[in-house]
Amino acid sequence: MRLALYQPDIPQNTGALLRLAACLEVEVDLIEPLGFLVDDRRLRRASLDYVAWERVRRHASWDAFLAGRDSGSRLILLTTSGTVAFHRFDFAAGDTLLLGRESAGVPDFVHRTAVARVVIPLAPGARSLNVALAGAIAVAEALRQTGGFPQP
Ligand SMILES: C[S@@+](CC[C@H](N)C(=O)[O-])C[C@H]1O[C@@H](n2cnc3c(N)ncnc32)[C@H](O)[C@@H]1O
């Protein structure tokens, strides 16, 4: 299972997701440009000393990310305009769960690349979740379905 972050712009959210990924043994793709430096102290504070940098791949652009992808890994976009609810979607162990930018989600060409667009249903009037919380909810469901949680 992989988490991919599309051009994140808030270091605390990326730090929280890197910590989540390290704790759950999930690989991470950081798709640049980022809105901060990777040694930003706000990222370090949110991730503590949990980041497993050997599990984090940085990609200079969206095209570089696509070029380096394992063709067997499905790209599943987490989006507020998704067409299937996350708890009704059948995740696979090799999936890459793609999260959008805090400010703008992802552009249309990224929507078109994903094989599925998955939503976490929200209360009427609620616009979106914090990206780190959306990532945590989705990866937990994906690991639950695929038996992928770490075995202590
Ligand atoms: C703050 S939201 C982006 C809001 C942005 N204005 C938009 O329209 O996409 C940041 C990211 O968190 C994820 N996200 C937030 N709420 C979500 C939800 N209810 N279902 C699926 N993904 C969600 C998506 O990946 C989204 O791109």
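Author: Before we start, a word on angles: axes are lines fitted to C-alpha atoms, and angles run from 0 to 180 degrees between N-to-C directions. Also, this is a predicted model.

Reader: Thanks! So which strands does helix α1 lie across?

Author: Helix α1, residues 11-24, lies across β1 (2-6), β2, β3 and β6 (96-99). Its direction is at about 170° to β1.

Reader: And what does helix α5 touch?

Author: Helix α5 (residues 131-146) packs on the sheet and touches β4 (75-78) and β6. The angle between the directions of α5 and β6 is about 165°.

Reader: Nice. What's the strand order in the sheet?

Author: The sheet is open and has seven strands, in the order β3-β2-β1-β6-β4-β7-β5, with parallel pairing. The edge strands are β3 (56-59) and β5 (84-85), each of which pairs on one side only.

Reader: How many bridges join β2 to β3?

Author: Four bridges join β2, residues 27-31, to β3. Val28, for instance, has Val56 in β3 as its bridge partner.

Reader: Let's look at β6. Which residues have bridge partners there?

Author: Leu5 is one of them, with Leu99 as its partner in β6. Ile76 is another, and its partner there is Leu97. β1 and β6 pair in the parallel sense over four bridges, while three bridges join β4 to β6, also running parallel.

Reader: Are the β6 side chains buried or exposed?

Author: Buried, on both faces: Thr96 and Leu98 on one side, Leu97 and Leu99 on the other. In a regular strand the side chains alternate between the two faces of the sheet.

Reader: Which non-glycine residues have a positive phi?

Author: Gln7 has a phi of about 40° and Leu48 one of about 55°. Gln7 sits in the loop between β1 and α1, and Leu48 in the loop between α2 and β3.

Reader: Why does Gln7 count as buried?

Author: Because its relative accessibility is 15%, and buried means under 20%. Leu48, at 45%, counts as partly exposed.

Reader: Last one: which residues form the nonpolar surface patch?

Author: Leu122, Leu129, Leu133 and Ile137 form the patch, and together they have about 300 Å² of accessible area. Leu122 is in the loop between β7 (116-119) and α5, and is partly exposed, with a relative accessible area of 34%.

Note on methods. Residues are numbered from 1 along each chain as its sequence is written. This is a predicted model: local features need pLDDT of at least 70, side-chain atom pairs count only at pLDDT 80 or more; totals for chains, interfaces and linings use all residues. Side-chain values use heavy atoms; hydrogens and water are left out. Two strands pair if DSSP finds at least two bridges between them. Helices (H or I, at least four residues) and strands (E, at least two) are DSSP runs, numbered from the N terminus. Contact means heavy atoms within 4.5 Å. Patches are made of residues with over 30% relative accessible area and no salt bridge: like charges are joined within 9 Å, nonpolar side chains (Val, Leu, Ile, Met, Phe, Trp, Tyr) within 5 Å. Accessible areas come from the Shrake-Rupley method with a 1.4 Å probe; for residues, only the protein chains shown count as cover. A salt bridge is a side-chain nitrogen of Lys or Arg within 4 Å of a carboxyl oxygen of Asp or Glu. Buried means under 20% relative accessible area, exposed over 50%, partly exposed in between (1.4 Å probe, protein chains only).
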